[in-house]
Amino acid sequence: MTKDSLLMRRATFSDMPAIANIISSSAEWYRPFVSSEDMKEHRVDEKWQKLNFPRRDFWIGELSTKQAVGTVSLQYFERAAYLGYLYLDTNHTGKGYGKLLLEHAKALARENGMRHLVLLAHPKAHWAISAYTKYGFSCIEKDKEKILAWNNSSLKPYYEDGFHLYQYNLE
């Protein structure tokens with residue numbers, strides 16, 4: 001299956017178990033450096049699904065066989081689109097699907113008049129940092145207090161200890 005066959009569609013609540021499986025598939029990658037409290041954002045459950053579905057604009061990427069391989073969620077804060085969850089099922093990494101998820105998020109952000117895409121990533125998540133910087137994201141903040149204050153404290157509810165703020169300019 002080529003990367004060009006990834007189909008993007010807006011997720012419904014019935015997709016949330018599949019999205020939770022995608023996110024949870026890489027949870028153990030984060031365990032060595034993410035606090036036990038923050039692991040609940042990586043090994044997600046039904047409670048997480050019910051809390052997050054109404055708060056975020058979730059999209060799911062599927063192969064033509066309807067197999068879900070990735071997800072991206074967006075939230076809009078003034079002129080920035082926050083990518084809270086950009087995940088691939090670990091069985092589908094390295095196939096170009098992550099770039100397609102980012103392209104979809106970029107198109108949605110532009111349609112909504114955003115100037116930037118932003119996301120939080122841990123510096124020890126080398127697989128994520130490599131993909132984001134290759135795509136064109138730059139680290140714009142490492143200081144916890146400045147991240148928490150960014151854009152009128154928009155990211156405060158989503159911040160995980162040790163994570164840095166990355167930005168991609170759409171203009």
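Student: In the protein chain, what share of the contacts between residues at least 6 apart in sequence join residues at least 24 apart?

Tutor: This is a predicted model, in which local features need pLDDT of at least 70 and side-chain atom pairs count only at pLDDT 80 or more, while totals for chains, interfaces and linings use all residues. Residues are numbered from 1 along each chain as its sequence is written, and side-chain values use heavy atoms, with hydrogens and water left out. A contact means heavy atoms within 4.5 Å. Among the contacts in question, the share joining residues at least 24 apart is 68%.

Student: Which residues of helix H5 are buried?

Tutor: Helices are DSSP runs of H or I with at least four residues, strands are runs of E with at least two, and both are numbered from the N terminus. Buried means under 20% relative accessible area, exposed over 50%, and partly exposed in between, with a 1.4 Å probe and protein chains only. In H5, residues 126-135, the buried ones are Ala128, Ile129, Tyr132 and Tyr135.

Student: Which elements do the buried residues of H5 pack against?

Tutor: After H5 comes glycine 136, with a positive phi near 125 degrees. The packing partners of the buried residues of H5 are strand E4 (80-88), helix H4 (97-111), strand E5 (116-121) and strand E7 (164-169).
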